[in-house]
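Work through the exercises below with the sequence and the structure in view. Each task is followed by a solution in steps.

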Amino acid sequence: MSPWTAEFAAWDVWIVSWIVASLWSAPAAARLDWRRQAPNLVVTAAGGVLLFSQQMTSPFRLANLWNNPLWLGWVMVAVSVAGFAFCWWARIHLGRLWSGTVTRKADHRIVDTGPYGIVRHPIYTGLLAAAAGLAVLDASAGALLGFAVVALGLTMKARLEEGFLAE
C-alpha cells in the first residue's frame with residue numbers, strides 16, 4: 001500500500017462515518033438562514049475541490065513544488081489520521097449537540113471540556129490537520145492553495161457560529 005492509497009482510504013472512511021454519524025444529532029431549535037451560510041459553504045467547497053483535484057493524473061493539476069520521500073508521505077498520512085481522530089473526539093464529546101450547519105440545539109450549552117478545552121474549534125482544527133497532510137503529500141501549488149481556501153472557509157463558518165450562538 002502506498003501513502004496515497006492510505007491517505008484516500010482515511011478520507012473515505014472519515015467522510016462515510018461522519019455522514020452516518022449525522023443521524024444521531026439532536027433536532028435544531030434554531031437554524032441560521034442559508035443565505036448567510038452560503039458564502040462559507042461555497043468557499044470551503046471550492047477549497048476542497050481544489051485540494052482534491054490535484055492528483056497526479058488530473059488535467060487541473062498545478063505545478064509540483066517538491067518530491068516527497070516515502071517516509072514523509074507516511075508521516076503526512078499519520079497527520080491526516082491524527083486530524084480525523086481529533087475530529088471524532090470532538091464529535092463524540094459534543095454528542096447530540098453536533099450539527100453540520102450553523103444551528104442551535106434544544107438544551108444548547110457551550111462546551112469547553114475535552115478537546116474544546118484545548119482549542120476553540122477542534123473539529124475544524126482536525127479537518128485542517130487532515131487537509132494539511134493531504135496538501136503536503138500532494139506537494140502541488142494547487143493542493144496548498146486548496147488547503148488555504150478550506151482554512152478560509154472554516155474560519156468564516158467559525159465566526160458565523162460564534163455570532164449566531166452569542167445571540
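## Exercise 1: Helix 5

Task: find the span of helix 5 and compare it with the expected value.

Solution. Helix 5 covers residues 141-166, which is 26 residues. Helices here are DSSP runs of H or I with at least four residues, strands are runs of E with at least two, and both are numbered from the N terminus. From its first C-alpha to its last, helix 5 reaches 38 Å, close to the 38 Å expected at 1.5 Å a residue. The expected span is 1.5 Å times one less than the number of residues.

The model is predicted: local features need pLDDT of at least 70, side-chain atom pairs count only at pLDDT 80 or more, and totals for chains, interfaces and linings use all residues. Residues are numbered from 1 along each chain as its sequence is written, and side-chain values use heavy atoms, with hydrogens and water left out.

Task: which residues of helix 5 are buried, and what covers them?

Solution. Buried means under 20% relative accessible area, exposed means over 50%, and partly exposed lies in between, with a 1.4 Å probe and protein chains only. The buried residues of helix 5 include Gly-142, Ala-143, Gly-146, Val-150 and Phe-164. Also buried in helix 5 are Ala-158 and Glu-161. Their cover includes strand 1 (28-31), helix 2 (34-52), strand 2 (103-105) and helix 4 (122-138).

## Exercise 2: The whole chain

Task: list the elements of the protein in order.

Solution. The protein has five helices and two strands. Starting at the N terminus, the order is α-β-α-α-β-α-α.

Task: compare the radius of gyration with that of a compact globule.

Solution. The radius is taken over C-alpha atoms, and the globule rule is 2.2 Å times the number of residues to the power 0.38. For 167 residues the rule gives a value near 15 Å, and the protein has 17 Å, which agrees. Along the principal axes, the C-alpha atoms fill a box of roughly 50 × 30 × 25 Å. Of the 167 residues, 43% are buried.

Task: what share of the contacts between residues at least 6 apart in sequence joins residues at least 24 apart?

Solution. Contact means heavy atoms within 4.5 Å. The share is 83%.

## Exercise 3: Positive phi

Task: are Asp-107 and Ala-139 buried or exposed?

Solution. Asp-107 has a positive phi of about 60° although it is not a glycine. Ala-139, also not a glycine, has a positive phi of about 60°. Most residues other than glycine have a negative phi. Asp-107 is in the loop between strand 2 and helix 4, and is exposed because its relative accessible area is 70%. Ala-139 is in the loop between helix 4 and helix 5, and is buried because its relative accessible area is 2%.
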